[in-house]
Amino acid sequence: MDKTSSKKTQIALVGLGQIARHHIAGIQAAEGLELVAVCDNDPKKQQEDWVQQLHVNTYSDIDALLENEKDVAYIVVATSTDSHKPLIKRIVEAGRTPIVE
């Protein structure tokens with residue numbers, strides 16, 4: 001990223017389990033990054049206070065996130081391991097970069 005540019009790199013996160021808070025804290029602490037959306041197929045997780053306090057767009061499926069968040073460059077996959085492969089496939093097919101641990 002050009003240091004003279006004020007535009008931040010947009011990031012989304014998929015999966016709102018326990019590890020998500022750690023990933024979000026890292027994103028928020030990093031200079032030049034902006035969390036703009038989160039995704040989880042459990043609507044109850046999307047409504048939790050800590051998620052609402054992020055003031056980002058929420059989605060219940062990856063396809064909706066990919067369709068609506070055109071400027072998102074990277075997507076952190078923080079879901080159960082068994083769901084990684086199909087999510088990564090969709091993210092790469094959409095021309096975005098997945099970040100997976």
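Q: Which residue in β5 is the bridge partner of Tyr74?
A: Two strands count as paired if DSSP finds at least two bridges between them. Here, Tyr74 has Thr97 in β5 as its bridge partner. Strand β4 (residues 72-77) and strand β5 (residues 97-100) pair in the parallel sense, over four bridges. The labels come from DSSP runs: helices (H or I, at least four residues) and strands (E, at least two), numbered from the N terminus. Keep in mind that this is a predicted model: local features need pLDDT of at least 70, side-chain atom pairs count only at pLDDT 80 or more, and totals for chains, interfaces and linings use all residues. Residues are numbered from 1 along each chain as its sequence is written, and side-chain values use heavy atoms, leaving out hydrogens and water.

Q: What kind of unit do β4, helix α5 and β5 make?
A: Picture the strands pointing away from you: a crossover is right-handed if the path from the first strand over the helix to the second runs clockwise. That is the case here, as β4, α5 (residues 84-93) and β5 form a right-handed β-α-β unit. After α5 comes Gly95, with a positive phi near 80 degrees.

Q: Which residues of α5 are buried?
A: Buried means under 20% relative accessible area, exposed means over 50%, and partly exposed is in between (1.4 Å probe, protein chains only). In α5 the buried ones are His84, Leu87 and Ile91. They sit on the same side of α5 because they cover an arc of only 75 degrees around the axis; the arc is taken from the directions from the helix axis to the C-beta atoms. Turned away from that side are the exposed Lys85 and Lys89. Among the elements covering the buried residues are β1, α4 (62-68), β4 and β5.

Q: How many salt bridges does the structure hold?
A: Side chains of opposite charge can pair when their charged atoms come close. For a salt bridge, a side-chain nitrogen of Lys or Arg must be within 4 Å of a carboxyl oxygen of Asp or Glu. The structure has four of them. One joins Asp63 and Arg90 at 2.6 Å, N to O; this pair links distant parts of the chain, with Asp63 in α4 and Arg90 in α5, 27 residues apart. Glu93 pairs with Lys89 (3.3 Å, N to O) and also with Arg90 (3.1 Å, N to O). Through shared partners, Asp63, Lys89, Arg90 and Glu93 form one network.

Q: Where is Asp40, then?
A: Asp40 is in the loop between β2 (33-39) and α2 (43-46). Asp40 is buried but has no salt bridge, and the nearest side chain of opposite charge, Lys45, is 4.2 Å away. Contact means heavy atoms within 4.5 Å. Leaving aside neighbours within four places in sequence, the contacts of Asp40 include Gly15, Tyr59 and Ser60.

Q: What is the phi of His55 near?
A: Most residues other than glycine have a negative phi. His55 has a positive one, near 55 degrees. His55 lies in the loop between α3 and β3 (57-59), and counts as exposed at 72% relative accessibility.

Note on methods. Lys and Arg count as positive and Asp and Glu as negative; His and the chain ends are not counted.
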